[in-house]
Amino acid sequence: MSHTSIKSGFRQAKMLLVSLLAFLLFSLSSFNSNAQDQGKQLFEKNCQVCHKIGGGKLVGPELLGISQLREREWLVKFIRNSKELIDSGDKLAIQVYEENNKIPMQSFTNLSNAEINSIIDYIDNWQPVQKKEFTVDINKKDGFTETEIRRGERMFYGLIPFENGGTASCISCHYTKNTDSLNWNPSAHDLAIAFVEKNGMNIYESMSEPSSQVMEKAHQEYNLTGEEIYNISAFLSEFSQKETKQFKIFPKRLMLFILFAILMTLAIIDLIFTKKLKYRIVHLIIIAVGLAVHLNIAMTEAKALSRTQDYAPDQPIKFSHQIHVGENQIDCQYCHHIADFSKSAGIPSNDVCMNCHNVVLAGTNSGKFEINKIKRSIENGEPIEWIRIHNMPEHVFFSHSQHVNAGNIACETCHGPVAEMHIMKQFSDLSMGWCIDCHRDSKVNFKDNEYYSSYMKLHEQMKAGKFDSVTVEQIGGLDCMKCHY
Amino acid sequence: MENKYWKSLEEFNNEPDNSPDTDKFPSGKNLLEIIDEEIEGKPSSRRNFLKFVGFSVATAAIASSCENPVKKAVPYLNKPEEVTPGMANHYASSYFDGSEYSSVVVKVRDGRPIKIEGNTLSPITRGGSSARVQASVLSLYDNESRLKGPSKAVKDFAWQILDNEITAKLKEISGAGEKTVILSSPIISPSTRKLIGEFISTYPGTEHVVYEPVSFSGMLQANKLSYGEPIIPFYHFDKAEVVVSFGADFLGTWLAPIEFAHDYSVMRSLTDGEKRLSYHVQFETGLSISGSKADTRFPVKPSEMSGLLIGLYNQLATLAGKTAINGGSTHEALPGIADKLWKNQEKSIVVSGSNDINEQIVVNAINELLMNQGKTIDYSSPYLTKQADDSKMEELVKQMNSNQVGGLILWNVNPVYDHRDSEAFVEGLKKLKLSVSLNSVKDETLAHVTYSAPAHHYLESWDDAEPIKGFFSLAQPAIRPIFSTRQKQESLLKWMGKEPDYYAYIKNYWLTDILKSGEAAWTKALQDGVHQIENATRSIGFNAESLSVAVSALNAYPAASGFEVSLYQNLSMGNGQHTNNPWLMEMPDPISKICWDNFASISPASAEKLGIAKDAIIKINDFEIPAFVQPGQAEGTISIALGYGHTAFGKVADGVGKNAFKLTGFSNGNRTYSFSGTEPALVAGEYKLATTQMHHSMEGRPIVRETTLSKYQQSPDSGNELHAEYEEKHTTLYKETEFTGHHWAVAIDLNKCIGCSACVIACQAENNVPVVGKQEVMKSRIMHWIRIDRYYNGDPANPGVVFQPLMCQHCDNAPCENVCPVSATNHSSEGLNQMAYNRCVGTKYCINNCPYKVRRFNWFKYANNEKFDYNMNSDLSRLVLNPDVTVRERGVVEKCTFCVQRIQEKKLLAKNEGRRLEDHEILPACGQACPSKAIVFGDTNDPESEVSKLIKDPRNYHLLEELHTLPSVSYLTLVRNKAEEEA
């Protein structure tokens with residue numbers, strides 16, 4: 001015991017020195033030595049899913065002061081392979097195993113002794129986060145003066161440089177307009193809402209103590225003063241009241257349409273009145289091409305009327321199917337589990353998200369910000385309002401159960417390569433022709449499903465060798481009242 | 001068939017029916033002239049046309065560049081385990097409105113009830129329901145008439161203060177030795193009865209008075225005199241070979257029509273080779289649906305009933321060798337009826353709809369002579385749904401006016417509307433220290449009471465019921481309370497100073513007093529909705545003395561003179577508490593085919609005598625009402641339906657019809673619903689009634705096929721000879737369609753259909769059928785997908801009546817399909833005549849070409865339209881819409897789909913479970929609701945299905961089969977148990 005305490009005391013002294021140096025050199029608040037850094041990273045990667053430091057029991061026991069409770073040598077053994085230790089009959093190990101509902105701890109044979117020690121060191125030296133003190137009122141969320149708001153706005157837009165440096169402005173990552181979700185950073189509006197709403201985030205805390213590695217990395221070079229944060233929060237609170245604008249791209253086709261309309265008008269005027277061009281063939285060509293372009297545009301537009309293929313709206317949470325389905329191989333029906341028996345596939349409710357996100361607290365791309373939205377939604381009692389992508393007209397009845405369960409059709413057949421989509425989009429055009437084509441070709445599980453035994457005439461014809469499989473069309477898949485009633 | 005059928009007196013007399021025409025075209029002009037007038041003086045229509053073309057092209061261009069609206073998909077925060085978006089849950093519950101009981105299953109979709117179905121597990125109602133039960137789901141969403149929260153003197157109030165003030169007043173009244181009266185409709189909830197008992201012991205001096213607008217008080221008291229107990233027995237119509245009814249419309253409104261319709265139809269069924277049929281005689285004033293089904297019907301005046309009863313008693317007494325009693329009619333039919341009854345002792349039922357003690361005692365004596373007690377009439381399982389003692393209510397009004405009552409709690413009653421002397425009641429209310437209404441909707445009484453503590457709708461409440469002794473059922477909430485209302489029982493608990501948790505109370509009561517078992521039994525009872533305890537069979541002795549007293553009283557009644565007025569309940573409105581329900585309001589009365597009004601029915605001969613023509617208004621004493629010439633109405637009588645003429649009940653009910661409760665009287669300790677000695681006078685002016693009787697006429701072709709029992713016994717296809725002939729002649733040049741999978745069909749047994757119209761409302765609820773209003777009905781634009789056609793035959797003074805439900809016939813060779821220019825209607829591979837609304841352009845060719853007149857055109861946009869302010873014009877009331885059925889747009893044709901959404905649902909279920917569909921697994925809304933199981937749906941490609949068997953029945957025929965339309969709907973001939981010469 002005494003040995004360890006002396007050792008830790010020494011380490012603390014060393015740390016203090018290092019940090020003092022760092023403070024002087026960089027005027028940054030980083031305390032971390034390299035070894036500590038490694039320990040922290042390893043802890044976050046391997047341990048914090050099941051353990052907390054200073055926060056009570058999670059899946060595994062509380063770890064604060066663990067090295068005072070157990071010997072380090074035993075700890076290293078236990079961490080590396082607890083099962084081996086239990087099997088060898090180690091009484092302490094068995095006791096720990098039984099105290100924790102007989103849930104065995106995962107083995108970490110991939111970690112070196114030094115690495116495990118660095119984790120234990122990190123736990124030993126862990127200290128509760130020191131909240132930065134600010135002179136300004138941190139809970140104030142509205143009632144800012146015009147000057148404060150304008151000053152914050154200019155800082156946000158990068159017109160006033162920050163006192164402690166930082167090269168880029170806020171707006172270079174946090175857009176003030178909604179854009180595609182591929183910008184993983186929260187938009188300015190998202191941030192504003194997050195800070196302003198009930199149970200929202202604390203802007204001071206999140207600026208001084210980045211909650212995730214992604215954010216820490218992105219904000220490395222910023223160290224805003226209290227007043228700066230205050231002004232920015234003033235701006236954001238005003239900004240949260242504003243509606244965000246969508247980026248609108250002026251449709252190319254419309255420009256083309258107008259251009260040819262003008263050209264054609266000019267051609268007609270010249271042809272009849274001004275007669276400046278000698279060769280009438282030029283007029284005719286212009287008019288012919290113009291008409292062709294107009295017709296083409298009209299046809300494409302008419303076909304696409306109220307169809308929304310490739311519709312990929314911005315969702316309230318930057319949820320990526322690529323990460324969930326592609327990288328993490330989650331089955332579609334884990335989240336959309338009612339697709340099997342209901343007409344609707346179902347948008348998962350927050351509790352389904354929390355099954356995993358109870359432990360998965362930070363995302364690779366967006367850090368904690370997006371995942372926190374789920375939690376905040378639960379705390380505020382306000383469900384997430386997703387934007388519906390696949391919209392059927394009201395006179396169309398579509399049943400997922402019919403297709404997924406009875407028809408045994410893979411989700412990808414209609415929804416496309418979801419596993420590759422960061423932003424979910426409507427893959428098929430959902431036109432009636434598209435439905436009908438599939439109904440013409442798709443085969444029915446005619447022999448194995450007992451239900452179809454009542455189609456006796458078809459069975460007879462099949463036996464007689466008229467066809468060897470039955471399509472959806474043959475059992476009435478093209479009837480109007482299959483989908484319209 | 002030589003029988004001539006007719007739908008209206010105009011048709012019978014061969015007069016042109018000009019009612020719809022007058023609304024369409026001013027007389028003497030043809031359509032072109034009218035159009036010319038319309039466009040006269042307006043700018044040239046050709047230019048307008050071009051303008052519109054240009055405009056619509058431009059609109060289309062702009063619309064095409066518009067963005068699609070953004071729609072949201074909002075999931076649950078925490079999905080309840082039992083709720084699955086897109087799938088319905090079904091909860092067993094109980095319906096009891098104070099007069100009618102039904103065990104029901106509530107279909108709940110995404111947390112909102114959308115349909116009521118009969119509960120097949122119930123040994124009482126057996127899956128049947130009535131129009132009012134079916135329509136009750138709509139009143140849940142009555143945005144306007146339901147009370148939104150507590151009030152004091154019609155001003156919004158807070159529950160907390162209301163409770164404090166009422167409790168204080170109750171204590172004060174009880175402390176001063178005065179009494180509080182709970183004035184309620186019949187309470188069949190055993191736990192509530194216990195609760196009221198506890199309330200009485202908390203506030204000593206409290207009294208419980210039961211009040212019914214249409215009461216059975218006379219019958220209860222008669223049975224008390226005859227048998228010593230004021231109870232109403234159960235009638236086993238399924239064991240009765242002979243039924244004689246004196247003014248009791250037991251299939252429509254009397255006592256328990258849902259049960260009786262089922263039992264009655266058992267004895268009227270001729271399928272499965274059955275050759276016997278019960279014999280039904282009806283004496284009645286106005287034509288009722290029971291009278292329509294009767295084998296022999298006698299139109300009689302209300303005052304003649306007592307004479308007929310005594311006459312029948314005397315005939316039977318002679319047969320039994322007992323002494324006859326004084327008086328009695330010598331009606332020519334009585335010996336024959338007595339003979340039939342005597343041959344069917346222990347297998348007959350005699351009932352009377354009268355509220356007169358003495359008449360009911362004679363009925364008891366007749367049934368005793370026939371030894372029906374314990375066989376067809378069961379006193380061991382009595383009905384508990386009728387409890388009112390009229391004299392107690394009269395006494396209460398007197399006490400209220402003489403300051404003998406301190407407080408009054410109104411429980412589901414509306415005496416200001418339906419008491420015979422509502423002024424006296426209002427005066428009495430003013431003298432009270434405390435008046436509280438627990439009613440859940442606004443009504444005429446509300447303005448006169450101090451406090452309103454509105455109760456939940458029954459679909460939001462916990463409740464239990466014991467409609468028949470030993471037959472229990474539970475009601476559970478199917479939705480969270482929509483408004484700030486509170487369960488009636490919880491209000492009582494609160495005022496007793498107890499924990500207002502009625503769920504705990506009811507559960508505790510059931511566990512200890514009914515189930516006497518654990519949690520599992522409770523869960524099962526809740527899931528089934530019903531629970532039965534065996535009653536010990538017992539017979540009770542008849543007090544013969546009561547008869548002689550009754551007979552001498554009856555003989556002493558003053559002789560009737562002049563016209564007689566009879567007040568009755570019709571099928572849609574009942575006693576008037578559902579009048580604000582637009583579905584019921586627009587349900588055509590099965591006999592008169594009139595909706596949106598009540599009227600004075602008068603017989604053709606009397607009408608001629610008084611000079612009453614169409615659209616006339618008459619005056620009975622001070623009571624003005626439109627007259628309607630009704631075939632079958634007894635000579636010298638007038639029948640008026642109760643339940644109309646509300647003044648503060650909601651936008652649908654107010655001002656529609658006349659309140660006939662004002663005409664009710666009180667004598668012999670009971671309310672009377674008929675009176676004599678009046679001379680109706682014609683009043684100047686005219687009033688148009690909305691009738692659907694000549695809508696969709698099939699122009700006198702042989703549509704109804706009818707025969708008599710004896711002919712049927714000789715040859716089962718009697719009356720249906722044409723069927724075989726047409727079947728033989730059916731040839732076609734075209735290739736006949738082959739149905740490789742299912743081939744859906746419906747068979748309707750005309751013997752079983754009683755015309756109750758439950759199917760009409762069930763269809764309306766299931767298929768989002770709009771309500772169009774009186775004006776549109778008058779233009780023949782009613783939208784019902786299933787209608788009950790009513791045909792008369794024979795003498796207009798007492799015609800035979802036939803009901804025929806008619807929906808789309810789903811012809812396999814459909815005339816509508818090949819005239820559609822856009823192929824919006826065509827045939828499915830399962831024999832359905834499909835209608836694709838999104839393809840329909842509204843040419844109406846199909847309507848014109850349909851020989852059955854079952855297609856309906858959407859003349860207007862009925863949803864979200866201020867002009868049709870019924871149930872599709874507010875966000876709340878639209879919650880009742882079935883999400884699986886499209887709400888049709890203006891300008892498209894619609895019609896019955898055979899409930900294709902139900903077919904598809906069950907097919908998918910079978911596919912997912914990998915099994916064949918069972919017969920009766922798919923039930924269309926009409927077939928499900930039918931209390932007599934007259935409508936049978938099934939797959940004709942399955943030879944074992946019931947419908948396949950019914951189609952092979954010799955009674956089976958198709959409508960207009962000579963047209964070779966090959967309908968999928970077929971009918972079974974009507975067989976009446978009539979003597980040969982009468983047919």
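Helices here (at least four residues) and strands (at least two) are DSSP runs, numbered from the N terminus. Keep in mind that this is a predicted model.

Start with the contact between the chains: select 51 residues from chain A and 45 residues from chain B. On the chain A side, the elements giving two or more residues include helices H14 (280-303), H17 (350-357) and H18 (369-380). H19(A) gives the most to that side, with 4 residues. Colour the chain A side by residue class and you get 22 nonpolar, 20 polar and 9 charged.

Next, pick E1(A) together with strand E2 (residues 72-73) of chain B: they run antiparallel, joined by 2 bridges. Show Trp386(A) and you'll find its bridge partner in E2(B), Ala73(B).

Now hop to strand E13 (residues 296-299) of chain B. Thr296(B) and Phe298(B) sit on one side, Arg297(B) and Pro299(B) on the other, and all are buried. One pair to click is Val281(B) with Thr296(B).

Last stop: two asparagines. Select Asn408(A), in the loop between H19 and helix H20 (411-415) of chain A; its phi is near 55°, a positive value in a residue other than glycine. Then go to Asn412(B), in the loop between strand E16 (407-411) and helix H15 (415-418) of chain B, where phi is also near 55°. Which of them is buried or exposed? Asn408(A) counts as exposed because it has 11 C-beta neighbours inside 10 Å, while Asn412(B) counts as buried because it has 21.

Methods. Residues numbered from 1 in each chain as written. Chains lettered and ligands numbered in written order. Predicted model: local features only at pLDDT ≥ 70, side-chain atom pairs only at ≥ 80, totals over all residues. Contact = placed C-beta atoms within 7 Å. Nonpolar A, V, L, I, M, F, W, Y, C, P; charged D, E, K, R; others polar. Pairing = 2+ DSSP bridges. Buried ≥ 20, exposed ≤ 12 C-beta atoms within 10 Å, placed from the backbone.
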